[in-house]
Amino acid sequence: MDQNYLKKGGLFKPKFRLKKVMSYVLIMALAIASASAQNLTVSGKVTDGSGEGLPGVNVLIKGTLNGAVTDIEGNYQLSVPSGATLVFTYVGFATQEIDVNAQNTISIIMSEDYGQLDEVVVVGYGTTKKSDLTGAVTAIDSKQFNKGQINTPQGLLTGRIAGVNVTSSDGQPGSGAQIRIRGGSSLSASNDPLIVVDGVPLTTDEIGGIRNPLSTINPQDIETITVLKDASATAIYGARASNGVILVTTKRGQVGAGISVNYSAQFSLSTLPEIADNLTPEEFASLVNESSGNGDISPVAATLLGSTQTNWQNEVYQQAQGTNHNISASGAFKGVPFRVSTGYLFQEGILRTSSFERTSISLGLDPSFLNDDLRVSINLKGSQTNNGFTNDGVIGSAATFDPTQPVFDSESPFGGYYFYRQSLIPTDPGFLIPDNNAPKNPVGLLEQTNNDSRVNRFIGNINFNYKLPIEGLSANLNLATDRTTTDGLEVVDSLAQSERRLFAGNVIYGKINKYDNQYQNDLFEFYLNYAKELPGLDSRFEVIGGYSYQYFFRETGSYETDIIRSVTTKPINPDPSENKLISFYGRLKYDFKEKYLLTVTVRRDGSSRFLGDNQWGIFPSAALAWRIKDESFLTNVDIVSDLKIRAGYGVTAQENIGESYPALARISIGEDDARYQLGRDGNGNPIFINVARFEAFDPNLKWEETTTINVGVDFGFWNGRINGSFDWYKRETTDLLNTIDIPAGTNFSNRILTNVGSLENNGLEFALNGIVVDNADWRVDLGFNLTRNTNEITRLTNSNDPDFLGNETGGISGGTGNVAQINSVGFNRSTFWLLQQVYDANGNPIEGVYVDQDGDGQYTNADRVRSKNPDPTMFMGFSSFVSYKKVSLTMNGRYQTGNYVYHNIASANGNINGLYTNNTLRNIHSSVLDTRFVGTGFLNNLLSNYYLEDASFFRMDNITVGYSLEKFLNDRFSANVSFTVQNAFVITNYSGLDPEVADGIDDNIYPRPRVFTLGLNVNFK
């Protein structure tokens, strides 16, 4: 792609002058405020129903950010205009508004409101009261977050919200997670939700040099997480909202709160719950001798057995330590609310040499000007993460390396690590080159590789909200940037067996791989908001209309040489790319008699990923809600505190396909796998050039669209002491962005991205929360959520072809090009596609014998059966909080069912023939002791549904015991100490290491550790 083309703005150019707009806004922000009305001093005490003072109650002057916070005894004092109104808010209690009316003393009694219907919830481009929501929206705050050593934001909401399934990628420190809101809506495009942090939509790019882009954000800075699930709630974000939206709001300072300091520390120990179930040294030696003697493998195999017993998995795994420190100061300084924080996290991985380190800083300022008419919100977040990676082959090598051989060998030419002597290949110059097909010493792979990266990220935005002279009209401007730079260096020792090889006629010793990446995400957003009361019509409405421009740029580059930099094995090849989104949006909210609610939203999006008329799409939604509780027949029914029915319909879109120019003709330059020899140089060495080739493309590519219908009920009883919701939804995705096969013989690769097919999701969600006990000594809270989701592919081709099997997916190890899953019409996406195993009278599998579905006497694709899928059909979350005086117990767990896992570790390594390959011995999976599979017809064994297992499970995610110390040292100190066990236990019938596998293919994942954490939290005011 032409660099000048990128600098000029590419397919889109912004139609405004940022500098000019910013100048106007800054001039406005620096204007001098006008004189305020005459004030008087108001004081009082806030108590609960028992007469106890309530500390921490917010007392705000209505319509401003000015106010105070009650002290430990519930007292407050502040300066107030004589005609003002005070608003008293406290979590768990009903909000109260009191007119000052020239009073100097105002004391109130706050009543508990377990349902918290007046609670303000963050939604797209604004906030709303929980009671006014018309869409499927769930919010949780820091008090409800999961406990323990939570290194990344995803871990805060695992199992907490109905319809949201969070599956951690693996157990690496700082690893990511697969987040699915109401199931995936796409086949080849992204199924990840849009994540917005303090008004900044984050890029969904996979950032090189880091396991998880969200790991750059410190979870300790997060105050609330709001999940928008249906189209009514998400349509305001239009493009990228098909998979739901997650709004993250960070902690802020409060007016009148004084300055408070918080320090938290955590110390953790991570252990390995289980190891892969391979043969022990004794079982291995016995099976090798037996199989060599009966002819299953070569008699030579028995002569290769060593005399050492080595548990290779114990050699590469470790107990890992971690520490996490955070300190923050918040409050108001000279009337300006602020919060500043810094954090440091270091976490070792249970796989040796892997680690994650993060240093973060965050600043939030909320000044106001022009007599509070201009409010400014500034959010700055910076972090540096250092990542220690391991060699990719360590886990598999530790599972399969000969357990009768030692770790070290004094005669080894590869740094003293044991190697298979039979694997050496003499070359013409007389050098010894190891056979790359032989297993590599796993400890050598670890110790002879140093692979680190450093990632710097800055997320910042400044938001201006100005009340215009017209009553009810305000303007909002949001300027934001998200910048990430990464640099990484992988160095493999010159003596390492893994990097002793031939390249273009040269012997390569070791490796140096260096890469540098940069990612840029800039946002300009402006909208007007107008709210108006219509007393004569008993109505209220609010309208917003806005414009958004978002620009994404990324550039990646790397080079690779041998350890002495004499041979370049991969040249520097910078790869810049960009894409842009332009949007116009509007929303109307109408409230009639505070009982009948209407929300209508429309967004028009343009994407540079598409061409011509296909660049633009219009995405509307509408929702209605009826607050039945406010009808006359329920007003005096005290047992019912909330009852509301919601219904919504809307269309959202998808364009996140991981490519910047999918609709343009492109040429790619081949690397090691695409080289052509053109003669020899003067020394007789071959000359290779990298080939250039055209990529397949569809110039008519367009938006993938998802239409959602949602019907829901919100309910509450006994003043919200029991509350919950129920939702039914249907989501249909059309014009799927789908990668499909194209006819052989073309000049392109055999697959192309195009719009074809449709997919449907149907589901039910149920959430229930209850306060079982609440008295002076005891508090017992229970929470439960349940989700049932099914999906079905309804179309995959533009024409009905009864012979079309579907699009193969789900690649597996153990062979070349084999798959275990398929996308077919009438089935779940990624349905398993395997041969049906035949068993003998004793229930044992008969090797190489399967059901011949078509009766033709041979096993082909026509005999493979579509059955089961990796997605759970039902998942549930459980939470409980029990406190007695100063002691508390918190537990969170999850159960999911209907998900199946293909045990690829067993299928690829569960054959006796695998003991002896290429004149070397390899360990195999212990399932062979049950199956006695030799490996005859190995490919058929690989595709046997014997290895497909029900992976339903219950996981206790965390158990936390805490002790609270109020008035610690003096009245200004409070503290809490806690002990947490994460991943406490798993109950499952799955025979593998872990039943929680995101894509359903279990192939040597990094194990999830069990973590023990001691925590301390201290507050000072």
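D198 and K381 form a salt bridge, with 2.7 Å between the closest N and O atoms. The model is a predicted one. The salt-bridge count comes to 39.

**D198 and K381**

- This pair links distant parts of the chain, its residues lying 183 apart.
- D198 sits in the loop between β13 and β14 (200–201), while K381 belongs to strand β22 (residues 374–389).
- D198 counts as buried because its relative accessibility is 13%, under the 20% cut-off.
- K381 is buried too, because its relative accessible area is 12%.

**R609 and E655**

- R609 forms a salt bridge with E655, and the closest N and O atoms are 3.1 Å apart.
- The two residues are 46 apart in the chain, and the pair links distant parts of it.
- R609 lies in the loop between β33 (596–607) and β34 (616–627).
- E655 lies in the loop between β35 (640–654) and β36 (666–669).
- Both R609 and E655 are buried.

- The side chains of R1008 and D994 meet in a salt bridge at 3.0 Å, N to O.
- Here the separation is 14 residues, and the pair again links distant parts of the chain.
- R1008 is in the loop between β60 (1001–1002) and β61 (1010–1020), whereas D994 is in the loop between β59 (973–988) and β60.
- R1008 counts as buried because its relative accessibility is 9%.
- D994 is buried because its relative accessible area is 8%.
- Salt bridges with shared partners join R1008 and D994 to R894, R955, D957 and E996 in one network.
- Side chains of opposite charge can pair when their charged atoms come close.

- Beyond its neighbours within four places in sequence, L202 is in contact with L194, I195, V197, L214, I217, R240, R457, I459, D482 and N521.
- In soluble globular proteins, nonpolar side chains tend to be buried together.

Technical notes. Residues numbered from 1 in each chain as written. Predicted model: local features only at pLDDT ≥ 70, side-chain atom pairs only at ≥ 80, totals over all residues. Heavy atoms only, no water. Contact = heavy atoms within 4.5 Å. Salt bridge = Lys/Arg side-chain N within 4 Å of Asp/Glu carboxyl O. Helix = DSSP H or I, 4+ residues; strand = E, 2+ residues; numbered from the N terminus. Buried < 20%, exposed > 50% of the residue type's maximum accessible area, 1.4 Å probe, protein only.
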